[in-house]
Amino acid sequence: MKKIFGVLLISLLAACASQTTQPTPEVEDKSIGTQPGMGSGATTGEAAPSLNPLTDPNNILSKRSVYFDFDSYVVKDEYRSLVQAHAQYLRDNGNARVLLQGNADERGSREYNLALGQRRADAVKHAMTLSGAKESQVESVSLGEEKPRATGHDESSWAENRRTDIRYQGE
Amino acid sequence: MQIRSPEFFPYVLVLFLWLIGTPAHAALDIEIFGGGATQIPIAIVPFAAEEKLSQGITPVVAADLQRSGLFRMVDPAGLAPHEPVEVVYSEWINRGANALVIGSTTALPGGQVAVRVRLLDVAKQVQLASYTETVPAGQLRAAAHRIADLIYEKLTGDAGVFSTRIAYVVKEGKKYSLQVADADGFNAQPVIEYTEPIISPVWSPDGKQLAYVSFENKKPVVYVQTLATRTRKAVANFRGSNSAPAWSPDGKRLAVVLSLMGGSQIFLINADGSGLQRFTQSSGIDTEPSFSPDGQSIIFTSDRGGSPQIYRMQITGRPSGTAERLTFEGSYNVSPDYSRDGKSFTFIHRNGDKFNVATQDLATRQVQLLTDSKFDESPSFAPNGRIILYATEVKGRGILSAVSSDGRTRQQLSTQAGDVREPAWGPLPRLQ
């Protein structure tokens, strides 16, 4: 199965290189291993074969943020299925790679928040590897409070910024 | 995990690095609030001929002393002695002055200026100190700060910190600038500027170098930069995150926080980047190390007990020592900085929904809250232990503030534009 996969991948890459019909919605993908459509047939039977499961808004894989409570790096139950779906995608797509970026809200110490962001990324990584992703497919880094997505100074902005983002290689 | 290939970061981000030659930006503006319980009334007479200089001396001296909160200025209007023989003590007693400063300046050939100062005790009618210095005209502010240090030291018994420098980060738009300025906010000079975050600057004990964390390579890396030459070296650039540098008192080593072996743990490393050695060993977050002045122990923030608290651990050379928990009040105590006398430390304490500057006495364990603002960060002791410089927020803008260690006097330092943050107070110049 793996071998066939590899062959498929190469042919898809070739197709991509010659700029044929492969749809690449929204994302400019110059990398290997995460070609659109690769995982859809294998992992999510109900998705249309031409849609990239990673960006199909109806697919859980298009959801990329895991949110945390203040000063916490516990992955809450409501994000378990999301993390597991990404882990399964990684397991089924051995060439796929993700970067997990942990973030913290602006309150408190920048250095502690940097460490907290690392723990939030590590926590998602841990959950992913427990669910079948390979260690080598997942890198966790922290942006601390330095790259806020929401720039307000209120609880809704802080809640938005307490999160780990899942970014696939090439995105 | 071996996936730090260049392809992993396909998005190209252009980083701008200006190696700067021009003194940029206006100086920090200063506002003072409150005052000490007992202020020393002092009269400072404008020095003879100082109005002809490019930079007056007595206004700088007066501003320095006023900022400390320990002095009250007595107006010398109508009286202008420059020599002890010209002083009529009864006139100064009538005005309520306890101390009197007089002096003269003489412009010399070659752009030099001779400055002569005398500090007089009005009640005892004696000279407490005299000081003579010849400086280039361009260094008159520095001379004035030395005079303020002398007066402060004679009258309070503590070392003056007016000749010291501070470092801080200014964020303006997308630009981050690490700057160094005099303690009064003048002579601000950019050290390095990037379009990626810069955090956690700290001074080497000799004041010649800064260690800091830059995200210019898309992740935190610890650099040490020599101020005079602008040369710099990445001293901690390991896999994962590198941050929170602290200097050992002898300047030979740094404590840094690495995610190299999982989590965020404290390591010791030589100032040249060699000899990496693990210091803490916990399953939680250990960060924000600060050396004791004797170099024997490190205080740091750790969540090993379930919430971030301050701990102390001896440097034994063995991989894992026993950490002693120091803070017990509240569920969030972070960012410790040891006082230079080793008797206390300052830190940020979460107080309800506020984050405030506090100090804790190491012997009595007594905690004192010094501020009542909303978002205080990064407290840094002045080398004489009398003032704590920290970052705070006013109307959504980041500014620096300084509070006296008794909490009575505060001052705000802000720039015309942008957010100021991550302050670090440099060492006394005589140690350089």
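Me: Why is helix α1 (residues 58-67) of chain B largely enclosed by the rest of the structure?

Reply: Good place to start. This is a predicted model, in which local features need pLDDT of at least 70 and side-chain atom pairs count only at pLDDT 80 or more, while totals for chains, interfaces and linings use all residues. Residues are numbered from 1 along each chain as its sequence is written, chains are lettered from A and ligands numbered from 1 in the order in which they are written, and side-chain values use heavy atoms, with hydrogens and water left out. Now the idea: buried means under 20% relative accessible area, exposed over 50%, and partly exposed in between (1.4 Å probe, protein chains only). Helices (H or I, at least four residues) and strands (E, at least two) are DSSP runs numbered from the N terminus. In helix α1 of chain B, seven of the 10 residues are buried, so the helix is largely enclosed.

Me: Which residues of α1(B) are buried?

Reply: They are B:Thr58, B:Val60, B:Val61, B:Ala62, B:Asp64, B:Leu65 and B:Arg67. When you read such a list, keep the helix geometry in mind: an α-helix has 3.6 residues a turn, so residues three or four places apart point the same way. After α1(B) comes B:Gly69, with a positive phi near 80°.

Me: How do I read a single residue? Is B:Thr392 buried or exposed?

Reply: Look at the place first, then the accessibility, then the partners. B:Thr392 sits in strand β27 (residues 387-394) of chain B and is buried, at 7% relative accessibility. Its side chain makes a polar contact of 2.7 Å with that of B:Asp376. A polar contact is a pair of N or O atoms within 3.5 Å; within protein, one must be able to donate a hydrogen and the other to accept it, and residues adjacent in sequence count only if both atoms are side-chain atoms. Contact in general means heavy atoms within 4.5 Å. Beyond neighbours within four places in sequence, the contacts of B:Thr392 include B:Phe375, B:Arg397 and B:Ile399.

Me: Which strands hold B:Lys175 and B:Glu193?

Reply: These two form a salt bridge with the closest N and O atoms 3.9 Å apart. B:Lys175 lies in β8 (residues 175-182) and B:Glu193 in β9 of chain B, so the pair ties together parts 18 residues apart in sequence. B:Lys175 is partly exposed at 24%, and B:Glu193 is buried at 6%.

Me: How many residues does each chain bring to the contact between chain B and chain A?

Reply: Chain B brings 41 residues and chain A brings 39. Buried area is the accessible area (1.4 Å probe) that two parts lose on being put together, summed over both. Here it is about 3,200 Å², with carbon and sulfur atoms giving 58%. Between the chains there are three salt bridges, and A:Arg110 forms a salt bridge with B:Glu377, the closest N and O atoms being 3.6 Å apart. The chain B side that touches chain A draws at least two residues from each of several strands, among them β10 (198-203) and β30 (419-425).

Key. A salt bridge is a side-chain nitrogen of Lys or Arg within 4 Å of a carboxyl oxygen of Asp or Glu.
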